[in-house]
Amino acid sequence: MRHRFHFFLILQILFAFTTCALAEEFGAIEGLIVEAETGEPMLGVSVMIQGTNLGAATDLDGKFLIRNVSVGSHTIVAHYFGFAKVTITGTLVNAGKTTTLNFKMKSEALELGEVVIEARLMDNTEASLLSLKKRSSSVSDGISAEQIKKSPDSDAADAVKRVTGVTVVNDKYVFVRGMGERYNNTRLNGATIASPEPLKRVVPFDIISASLIDNIVINKTFTPDQPGDFAGGSIQLNTKEFPEKLSFSANTTSSYNDQSSLEEFYSYRGGNKDWLGVDDGTRGIPQGVRDSTADPQWLTKTDLQKTLGKQFSNTWEPRQSWAPFNGSRGLSFGNQSPLGDWLMGYLASLNYGNSYSRRQEKQYQYTAASDTTTGQTEIRRYQDLDVDRSTRSVNWGGVLDLNLKLSARHKLGIKSLYTRNADDEARISQGLAKEDRLYRNYRLMWTERSLATVQIRGTHELSKALDSRLEWAGIISRAAFDQPDRRDIHLTRAESTDPWQWLINSDNGFRRYGEMRDKVSEGTVDWSLPLGFLHAPASKLKLGGSVRTMSRTFDTRKFFFAFTNDPNRPDPDYSLPPELLLTPSNIDSFFVLREITRTLDSYKADMDVQAGYLMTDLALGNRWRVVTGARIEHTKQHFQTYPYPGSNSSDIAEGGPNHTDILPALGLTYTVNDKLSLRGAGSMTIANPDYSELVPTEDVDYFEGAVKFGNPKLKHTKIWNGDLRAEYYPSPGENLAIGVFYKLLTDPIEQVLISSGATERLQPQNLVDASNFGAELEFRKSLNILAPRIGKWISYFSAIGNLTVVSSKVVLKDKPYNAADPNSGILTEDKRPLMGQSEYAANVILAFDHPRWGSSVRCLFNTFGKRISQVGGYGLPDTYEYPFDKVDIAYNQTLGGHWSAKLQATNLLNSAVEFKIGDQPFQSYKVGRTYSLSLAYAI
């Protein structure tokens, strides 16, 4: 009944808003005015409707809004001292609608007299993003909310892979120009954000819903006013802002995956709040265990160990069920309202998604057996598994955006975002493992991640300080990772006809509890001074600084069930199912609870960065633009391990790098004409180690793969960057860009795969120097040029695409590994590309847009070249991920009034995700095709 009440309440609100909109007898005119020479927003421009007293002045963002405009055609006149007057004729205003006018003004020194132009509706956000790119001080690419809406992309990871030079690894980590996630930084609305990843200090893009995004812009060259810890790109995620008028939207989506929906699905009993992505304590360490294990003497008390073992839930095996359809819901509401003499804008947006996936994959593991006499290495397979994963995922989040315009020159804003993701996985692995025995594993694993960030910003135009601009911000961001009660049961049998039996080893009946908290606090200040008083109106001086503090705590506890040491103990029936073998009575008779947490398993770490910069943006004549300056960054990283509760060990590890870097940058832009620009840029940037890479603790398969352990001796990476690019904009909404780039890396950090007996280990190393060279091509073109030959219908089509080709090579600091040479290095291959670098990445989109029909269709193709996922060491070859071709189709249709629908089909080729180690298979699986239908209402 409660859900029905909410549904009818929303319907009443929708009808109320619709009635209000239809009752309006007037419209409005809004717009953005920028300087033609610099693209900078203009403050204080007077915008009037000719023949009336209606008008407005632009604010510090260059925006204006004229309300209560009568229906019909109007002439708009814009005045500003020192600039040519602009007259816009034929501006059509409809009842209850807002007409948008975006235009440029030229200084009278360049353009005397009055400029008269025909009004044209400029509400295409793709064109707006191209305009932003055209006037940017750095080489940049991006994707707008409009593009995302017309595609089938559901999260930021899906959306960002459409950008030139971008590939996405593991469906969440972004690589730019062949550079791994460590060489890119991610900023939300211009601010650093915390990370919910335990083994990385990066933001997983799958945690952020695409419906919350206004645009994604990737700056590929460095300017001193941005943090210098990137080489591939600085990824700017910008969330939606408040609208200029009343806005409300609601949408619902249902989808079918041919590999999981309405198919067999494995699951287990969880908690009552699983649907919210929150464990309610069902999977937590029992309170009695927490209290008792704080005393180190509990390890010697057999009766206590038995008692504590019985306090854990006795759920170990997946249960077979079936998976329903996937679905998501979304709501958004925003407006502007007067608040005394101020104007307040606000936006609230909330979305929720629930999905089911099933993946059947092949997994292999290898070891290297080397002959120390000949140096020859033989690669032997020691594991061959079929893995069946069933995963239920919950993803929800929201944005709250508040802005307060104190006057045309002063604005305050608060942006907040919260997002939560949880994966509930039941896994069955079976096959040949280790000592040529048949093996089976049951794993039950709940993983939840959350991210919360609040930003307070202020922008002030200081008319008494030479019309300079002051911008400041304070940011607090928090992220969390929880993996409570990851359970593992191992079974074995000698022959396929034998019953499965409990595998007697040190970690059976294994339960792991992991918890990570990541915090970021940042303050920034930027002051820019126009140099008009020096007769350089299109130039400015900019300086500022930032203080950023990041900290992380990581706690781990691990338990398992061991057999008692009682020599009179009879053997249990090892063939009993785990939940019958680990009953309370059997625990009394056969088992004791043990803790195998190590002192180095938990740690705390922090990273402090203080930075200052000076930059000039100079217009030299009418064609040259020079952006130059330098940034100084002081970075201090520190970590310390600590014992688990109840441990009396004093064995800890502590350390971390400390360095100061001067990061220069130079950018040149030559404007050939209004449509063609040439860019060049050079800079030095850095990449710092992640927390987990420094701490000498081991992570035994938190997700999958080899054992990972840290390296306190890691150095930070220094990168020299060079770019050349030509950009051509033949008409609004169209572009052609081609460029080349080069990067020289000193001490890059790579994960090296090391074989040690029957165990594979991954450790980060600075074992090479490297270079990276590539070329990029991007185009966006309407096909209306073919209309005279083919017909007018072709003018509704456009082609969009990009191609990036990259070649990199590493230079080993030591000789490659040779078993016969005790002085050789670790790495197996001496000629290879950088880890994670694809040979190519391509996107092609064929678009159809028919405004009169209200129809939009996109056919999208994405692919990438093979790339190293793990670097081989001590004789093991490198592991490669092979190309994955993806074809998606999305059809958007307005239904009249305020309703619209969307049909989409993703991954139509259903290509296999495939990894190989050398020429041997390593891992492969498919994710299936997905078909979905969405219905939306918006005003």
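This report walks through strands, sheets and aromatic rings in the structure above. The model is a predicted one, so treat the tour as a reading of that prediction.

## Two open sheets

Let's begin with some background. Strands in a sheet are held to each other by backbone hydrogen bonds, and they may run parallel or antiparallel.

Start with the sheet of three strands. Its order is β4-β1-β7, it is open, and its pairing is mixed. Which strands sit at the edges? They are β4 (63–70) and β7 (98–105), each of which pairs on one side only. Going from one strand to the next, the twist averages 20°. You can follow one of the pairings in detail: β1 (residues 26–35) runs antiparallel to β4, and six bridges join the two. Look for G31, which stands opposite F64 in β4.

Now move along to an open sheet of five strands, where the order is β9-β14-β15-β12-β13 and the pairing is again mixed. Here the edges are formed by β9 (140–144) and β13 (191–192), each pairing on one side only. Strand β9 pairs with β14 (residues 213–219) in the antiparallel sense, over five bridges. Within this pairing, S140 has N219 of β14 as its bridge partner.

## A hairpin and its neighbour

Together, β48 and β49 form a hairpin with two residues between them. In the turn, G918 has a positive phi of about 65°.

Strand β49 (residues 920–925) also has a link to β20 (residues 342–370): the two run antiparallel and are joined by two bridges. To spot this place, find Q363, which stands opposite Q923 in β49.

## Aromatic rings

How many aromatic pairs are there? The count comes to 22 aromatic pairs.

One of them joins F265 and Y356. Because F265 lies in β17 (residues 264–267) and Y356 in β20, the pair ties together parts that are 91 residues apart in sequence. Are these two residues buried or exposed? F265 counts as buried at 4% relative accessibility, and Y356 counts as buried at 16%.

Another pair is made by W396 and Y418. The centres of these rings are 5.4 Å apart, with the planes at 50°, so the pair is tilted. W396 belongs to β21 (residues 377–407) and Y418 to β22 (residues 410–433), so to speak two distant parts of the chain, 22 residues apart, that the pair links. W396 is partly exposed, at 21% relative accessibility, and Y418 is also partly exposed, with a relative accessible area of 28%.

Ring pairs can also build up into a group: W316, W502, F561, F563, Y574 and F591 are linked into a cluster this way.

## Charges over rings

| Charged residue | Ring | Distance to ring centre |
|---|---|---|
| K866 | Y880 | 4.7 Å |
| R867 | F864 | 3.8 Å |

In the case of K866, the charged end sits over the ring of Y880. R867, in turn, lies over the face of F864.

Terms used. Residues are numbered from 1 along each chain as its sequence is written. This is a predicted model: local features need pLDDT of at least 70, side-chain atom pairs count only at pLDDT 80 or more; totals for chains, interfaces and linings use all residues. Side-chain values use heavy atoms; hydrogens and water are left out. Two strands pair if DSSP finds at least two bridges between them. Helices (H or I, at least four residues) and strands (E, at least two) are DSSP runs, numbered from the N terminus. Rings of Phe, Tyr and Trp (its six-membered ring) pair if their centres lie within 6.5 Å; planes under 30 degrees apart count as stacked, over 60 as edge-to-face and the rest as tilted. Buried means under 20% relative accessible area, exposed over 50%, partly exposed in between (1.4 Å probe, protein chains only). A charge sits over a ring if NZ of Lys or CZ of Arg is within 6 Å of the ring centre and within 35 degrees of the ring normal. Axes are lines fitted to C-alpha atoms, for helices over the stretch in contact, and angles run from 0 to 180 degrees between N-to-C directions.
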